[in-house]
Structures are given as structure tokens and as C-alpha cells.
Amino acid sequence: MQTYDVLVRGSGCVGRSLALALGAQGLRVALLGTVDASESQREDLRSYALNAASVALLRKLKVWDSLPAAAISPVYDMKIHGDAAGALLEFSAWSQGVAELAFIVDAAALEQQLATALRFAPHVQVVDAPVPAALTALCEGRASAARAELGVRFDVKSYGQRAIAARLRSEQPHQGQAQQWFRSPDVLALLPIEAPEPGASYGLVWSLPEARADEMLALDVPEFEAALNEVCGGAVGGLSLVSGRAAWPLALARAEPLQGPGWVLLGDAAHLVHPLAGQGLNLGLADVAALTRVLEAREAWRPLGDERLLRRYVRERQLDTWAMGELTDGLLRVFASEAAPLRQLRNRGLNALNSVSPLKRWLTARALGA
């Protein structure tokens, strides 16, 4: 049996990106999972918000510039609405001195392009069973079986919420503007996308308490559209549903430890955060970039699975992932509370933050991965 340098377990975006990145170093990589370009034909309602650092990684992997133009929508402006009249926080790429705040990418198109790139990666072999390797990278997602087999603790705090995803068409052009409504206890985000109607479509991510999410999923299309338009208040024109609806449970989670002799965790197998900041895949791709750098810079005599080497990766990533988890958790707690004094404070806080340009620039830099 052939021996590999790295076994990547998991063939989602994080696993595929890691396999491509390490294969580009000349390492012999085995990717355990299904990589089938035809899988993108199924309806995938997810949209990813990618920051500049994630785009730079995908461009380096020769994936980004091969994506169809219709799969990418730049975000030039973002409006965050509170749950009181006039409570608003606005970000614009122009005022922050950047070309765009983020890119919204069709999930199916990204996965398909990663699959295509893997077919032309000479050092990557897709396998259907575990194979011997000096290092095993676990990128299997939140339900990682291999993580459980290793006895890694995965502390999960359920939010008692589900995120509903769908595709929408608007009566008005989105003009590259993302919108988000914080309403106790739910969060609704509209992400500008180019399909099915270029310039006038959105990806929906609506986080709701589980019981309410079940009710929304059970509504017929006109009732769902009415509830959606009531939240948005006409800010983006009338919205209509142009897809099915999907949902998944939301939680905050961290794995401990993140590495051991010959193995390491990345992506959702290592950490989960609430989607309100759109940073889930950005964190996973930042893991990929960090581990790639650490392995490339290792001493020639040091094995790939050496614990001291892998601890360098953990030190680089641990603070950022912890901070993002705490930030999203804290924001959710503040905006989910229905207590009147806190409601008044948070809405005043949005307006106060909106007038502090240096702090807005700092927040933008963090979101961009700078």
C-alpha cells in the first residue's frame, strides 16, 4: 500500500482547499471523501461570505479566478438594523478605503471548482478508505467521527436556534449591498448574489429559535414571503422566494486539544461559531492557510506529524478562533435579549458606533482577515 505524507479526512471546502495547498508544496496527499463535480447539480442553498484573506488563498490555489462570474457578488456596502426605529450601523467599502467589504459566493459553484482543481492536482489522490500517512488532518465538519475516535473533547453549546437558508428575488437591484436585521431573538441576513436574476437576488440566512424556525418552514410560500417582507420593511423592495428552504442547528463549539501526535483539526471539526458575522468558512480557510505555512516552514529533519510542529499551528489559530466565537456569542446574547433596558442600550450602541470611524475601520479590518 502506498504511503502518503498527509491524509486529509473530509472533502468539503476546507478539506479540498487543504489538499490542494499541500499538494502544491509537492507533498503526497490522500483526500478521503467524495469529490464528484456532478454533486453540485443538487440544490444547494448556501452562500458563503468570504473575506480578502480567503479570496487570496483561493486565488493562490488557482480556484478563485476560475469561478463563473455569476457565482460571485462583491459587497460594497452593509447595513445593520437594530430592533428600534432608526437604529442603524452602516459600512461602506469606499469609506473604509477598500475595494469591497467581502464577496458572496455560491457554495455549490465553489465546491465544484475545487473539485475541478483537484482533478488536475498531480500530488493529490482521492481515496475511499483511510491510508497510512505521516499526518492526518481532520476536516470532517462538526460531526467528525475521527475526532470522536481520538477522544477529543468537543464542547458544544446549543443556541436552541436553526438557520434557514433560501434564495430570493427582489423587486429592486441589490447594488452590492448586504443587509442584516437584529431582532430579539432572531437575526436575518440578506446576502447579494447573482442568481437566479443578476443584480436582484439574495441569499437568505435567517436564524430563529427552533420552534419558530419549524413554524416558518411549515408555512406555504405566500405566508413565508409575507413574514419575510414584514421583517425587511420594504428596505430592499418586495422579496419573493425562488428556491426551496433548508435549515440547520446553530451552536458554539470548540475542540480540545486541536492536535496530537500525527493529527490535527481544522474547520468545523475544530470550532463552530454563530453565522451572524458570516465568518464560518473564513475561519476554516484561515486554518488551511496557517497549517500550510507551518508545514512549509518546518525544519527539514522534523516529521510532518511532530507535535511541536503542530503546536505552532495551534498557537497561530487559537486566539483568532476563540475571539470570533466570543464576539459572535456576545453579540447574539446582547441582541437576543428581550429586556427593555438592554434593548434600548444596544440600539443606542449601534448608532453610537456608526459615528466612530476609527472603530468601524478596525472592525472592517478584522472582518477582512487583516
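I began at the residue just after α7: G233 takes a positive phi of about 60°. The model is a predicted one, so I read this phi as a computed value.

Next I went to the other end of the helix. At the start of α7, a side-chain oxygen of D220 comes to within 3.0 Å of the backbone nitrogen of E223.

I then checked the length of α7. The helix runs over residues 221–232, 12 residues in total. From first C-alpha to last I get 17 Å, close to the 16 Å expected at 1.5 Å a residue.

I looked up which residues of α7 are buried, and found F224, E225, A227, L228, V231 and C232. They cover an arc of only 160° around the axis, which puts them on the same side of α7. On the face turned away from this buried side I noted the exposed residues P222 and E230.

What do the buried residues of α7 pack against? I listed the strands β10 (153–170), β11 (177–183), β12 (186–193), β13 (201–209) and β14 (239–241), along with the helix α6 (210–218).

Last, I took the protein as a whole. I count 11 helices and 18 strands. The radius of gyration is 21 Å, close to the 21 Å given by the globule rule for 370 residues, so the protein is as compact as a globular protein of that length. The C-alpha trace spans about 65 × 40 × 40 Å along its principal axes. Buried residues make up 52% of the 370. Of the contacts with a separation of 6 or more, 74% come from residues 24 or more positions apart. The protein exposes about 16,400 Å², and carbon and sulfur atoms supply 55% of that area.

Methods. Residues are numbered from 1 along each chain as its sequence is written. This is a predicted model: local features need pLDDT of at least 70, side-chain atom pairs count only at pLDDT 80 or more; totals for chains, interfaces and linings use all residues. Side-chain values use heavy atoms; hydrogens and water are left out. Helices (H or I, at least four residues) and strands (E, at least two) are DSSP runs, numbered from the N terminus. The expected span of a helix is 1.5 Å times one less than its number of residues. Buried means under 20% relative accessible area, exposed over 50%, partly exposed in between (1.4 Å probe, protein chains only). The arc is that of the directions from the helix axis to the C-beta atoms. Contact means heavy atoms within 4.5 Å. A polar contact is a pair of N or O atoms within 3.5 Å; within protein, one must be able to donate a hydrogen and the other to accept it, and residues adjacent in sequence count only if both atoms are side-chain atoms. The radius of gyration is taken over C-alpha atoms; the globule rule is 2.2 Å times the number of residues to the power 0.38. Accessible areas come from the Shrake-Rupley method with a 1.4 Å probe; for residues, only the protein chains shown count as cover.
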